[in-house]
Amino acid sequence: MPGLGTSFGRGGATTAQTDLANADAILIMGSSMAENHPVGFQWVVEARERGATIIHVDPRFTRTSAMADIWVPLRAGTDILFLGGLIHYAIEKDKYFREYVQHYTNAPMIIRDDYRDTEDLSGLFSGWDEQKKKYAPESWLYKGEKPKDGTKGKAAAGHAEAGGGHGKDRGGEAGQMADYETDPTMEDPNCVFQILRRHFSRYTPELIERHAGVPQKLFRKVAEAFCNASGPEKTGAICYAVGWTQHSKGVQIIRSAAILQLLLGNIGRPGGGILALRGHASIQGSTDIPTLYDILPGYLPMPFFEKDANSYNDYIKKHTATAGVWSSFESYFVSMMKSWYGDNASSANNWCFDYLPRVTGDHSHFGYWLDMQDGKMEGLFIMGQNPAVGASNARLQRTAMSKLKWLVVRDLVETESASWWYNSPEVERGELKPEQIPTEVFLFPAAGSAEKEGCQTNTQRLIQFRTKAVDPPGDARSETWFMHHLARRVKAKGAADPSPRNAPLNALNWPYGTHGRYNEPNVSEVLKEINGRDLTTGELLDSYKKLKKDGSTASGCWIYCGIYPQEHFNRGNQREPHDYLGHGWGFSWPNDIRILYNRCSARPDGKPWSERKKLVWWDEEKREWTGLDVPDFDKNKPPDYRPKPGSNGMDAIAGDKPFVLHPDGVGWIFVSSGLKDGPLPAHYEPLETPFGNPLYPDHPYNPAADRKERPDNPYAKLNDDRFPYVLSTYRLTEHHTAGGMSRQLSHLAELQPELFCEVSPELAAEASLEHGDWATIMTPRGIIEARVLVTRRMRPLWVEGRTVHQVGLPYHWGYKGLVTGDSTNDLLVISEEPNVRIMETKALICDIEPGRRPRGPAALEELREHMEQPV
């Protein structure tokens, strides 16, 4: 996640769930943790029992709210206003941890004279290109810093650089903070701290009350409680989930939290940190060893098609930092290519670099789905997803699949993504006719989680190896089996046709053995390949620090190196925890560190900030870092170490600079490279909103967001009277994502049998809705029906001098299973946040009326008539 990656260096949770128990305050926002992450929530409860203040900020009162000391309802989509208010409060009330901020963040760094803030440019940062709708961020750099040759100050396309802009030259040869102009007093008007102070100066309790709907008294109560969890003796933690990520400015919401935690000194310390809650076991793993189109394993960027920067040397130069962990970028990349191509990868052919495909455009989920709708794709594999009901503008997703020649679906049951061609709203309405659809659908039965072995990576970067309990039934097979045997068949076809186009396929190393009656691949072999070996000795490696750029090592994912350090020792299979952080249970990347950046838990001189909050410290007698966690630092580098002139790599990181993935060794309050929508968060409205932007009236929305607006993906207008209510979606404990698994289970289906909408008593009275009866909900994309749940869990808010009502909708239903219902995702719009291209699902607008929606073609006629009403 670039919000964490650019702020700290790694795109993963900074702490362990068990460590929440050590917090003095916990802010849960963008999540109902008690309902959707109940195992981790036990440590929130333990923290509360130890005296911590638990704060829950959410438009709905949930089980998490019930377990919190303070619940704050706010208007969906105003998260940056709220968090910006906390930042403003911490600065103006002198609540920030000054010594931590001075030494461990870039707050003292002076920014270039030509930088201009949103406060100067009415909602834009300097470098905005109105024609291209994107930023050239050269003016965001440190004063005296120059953009790397060939980059021209531009952030890479696709995802923001997950390593925190590591492709940028942080100045000079060494990239040390001393190479730039700084002001240790943080008084210079162009230093990061003063820019931050001015940037958030208008995020006052008055503004938050007026526009987010949070009463000033309640906001100040939260601000005082959380900002007091700062300093040598206290820490506070933040927990979030997709309630933050699924916004048109989701990365910047997370950036706001990162800034707040850096100001309060809460990163790298026990009871602190930011916990990115992952809703199921594959989320963290699918970015570590990615299913994303623009990064390679271990957050190595994919090469992009660039006219003047398409060679191996250009690629390595662009992404190699002069200092810090990313200075070894080439070692990580070469080792990965050796694991993929074996002896076929050599220095003579640049380690098969030219065999890697180039990113030429938007190949994200929505990018290729729109291409599919436009007839630009022939085939698709769907594995572990159910986009027919599980993704934004599901109506477009279903009709787009009718343009394919072939579709392969692997799942436990026949999901909507396999049955849309004969059983969907479009078939009912006559939009699709089965006999006219050319798509040939292949449904393959998949194995369940207990029917296969392999690794899962959870919320806290913890890799756990899972052994198989039983064989899958019938023809059901694991994903590993499917991909292995598909690859063998495809490679056999390639070997029979040695034309140049098949050269990458024929060069691919595919050495995995199989076992058992189903010829299941040996997943331990795969994990060993991911871990890495010394190709000279054949020995497994115990640390990514041993990877080399000369081709003598191979590792499928450098951040996982050390999980299998020797034969018959799979650390992911460990089940004997021996301390409160869980060491001995699984393996937490990298190097089994449980709290990242833990050098911050000690003062600059290496001594703990306090006895109560000690974690890692310098042992002067042994001349090494020691403590309760694996040090996230060079073990033998003393606190007073200072790089010599001309130093590079890890030698260029001083002994009091804890953020070793950043070339300057500090946490980035101000992100000068790596993000596409600004070096600081700024409040923008959701892409559909009933209000203008109170801070920047000329720019209501994030200017860098990609709306993907087109006739089959229409948007409401600003202040659209046809859709007067705020809409937000959420998850239930009893169902899982689009419901493909849970709606097939009788006990879960019985617990939550029907789609429902939550509305306040006041909205029910205004819209003539009856509890337990039906309601029809509409947006420009779709029309659905749901049962009405009238509840005080939804509260009307007073915003900009008028009452605002919010509608809450879970999204687990579809047209297959024991219980069925309309898909909430039919209502949502396709959009792309500029850094990670995620959609906005948590803040839109809708209309709601009593009664059931029409059937057949009359449903679309109802929607059309609604859209023709005057705005």
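## A first look at this predicted model

D592 is buried, with a relative accessible area of 3%, where buried means under 20%, exposed over 50%, and partly exposed in between (1.4 Å probe, protein chains only). D592 forms a salt bridge with R594, and their closest N and O atoms are 2.8 Å apart; a salt bridge is a side-chain nitrogen of Lys or Arg within 4 Å of a carboxyl oxygen of Asp or Glu. R594 counts as buried too, at 2% relative accessibility.

This is a predicted model, in which local features need pLDDT of at least 70 and side-chain atom pairs count only at pLDDT 80 or more, while totals for chains, interfaces and linings use all residues. Residues are numbered from 1 along each chain as its sequence is written, and side-chain values use heavy atoms, with hydrogens and water left out.

**Salt bridges**

- A search of the whole structure turns up 61 salt bridges.
- E378 pairs with K405 in one of them, with the closest N and O atoms 3.5 Å apart.
- E378 sits in the loop between α15 (365-373) and β10, and K405 in the loop between α17 (394-401) and β11 (406-411), so this pair ties together parts that are 27 residues apart in sequence. Helices (H or I, at least four residues) and strands (E, at least two) are DSSP runs, numbered from the N terminus.
- E378 is partly exposed at 49% relative accessibility, and K405 is exposed at 52%.
- R398 forms a salt bridge with D826, the closest N and O atoms being 3.1 Å apart.
- R398 belongs to helix α17 and D826 to the loop between β28 (806-810) and β29 (844-850), so the pair ties together parts that are 428 residues apart in sequence.
- Both R398 and D826 are buried, and they belong to a network of salt bridges that also links R395, E426, R429 and E431.

**The five-stranded sheet**

- Five strands form an open sheet in the order β3-β2-β1-β6-β7, with parallel pairing; two strands pair if DSSP finds at least two bridges between them.
- Why does one side of β3 and of β7 lack a neighbour in the sheet? β3 (70-72) and β7 (274-276) stand at the edges, so each has a single partner strand.
- Strands β1 (residues 25-29) and β2 (residues 53-57) run parallel and are joined by five bridges; I28 has H56 as its bridge partner in β2.
- A276 lies in strand β7 and is buried, with a relative accessible area of 0%.
- Leaving aside neighbours within four places in sequence, A276 is in contact (heavy atoms within 4.5 Å) with L4, A13, Y240 and T459.
- A276 and M1 are 275 residues apart along the chain, yet their C-alpha atoms are separated by 9.1 Å.

**The three-stranded sheet**

- Another open sheet has the order β13-β14-β19, and its pairing is antiparallel.
- β13 and β19 (587-588) stand at the edges with a single partner strand each, so one side of each is left without a neighbour in the sheet.
- Four bridges join β13 (residues 454-457) to β14 (residues 462-466), with R466 as the bridge partner of G454.
- Four residues lie between the strands in the hairpin of β13 and β14, where R461 takes a positive phi near 65°.
- β14 and β19 pair over two bridges, and I463 stands opposite F587 in β19.
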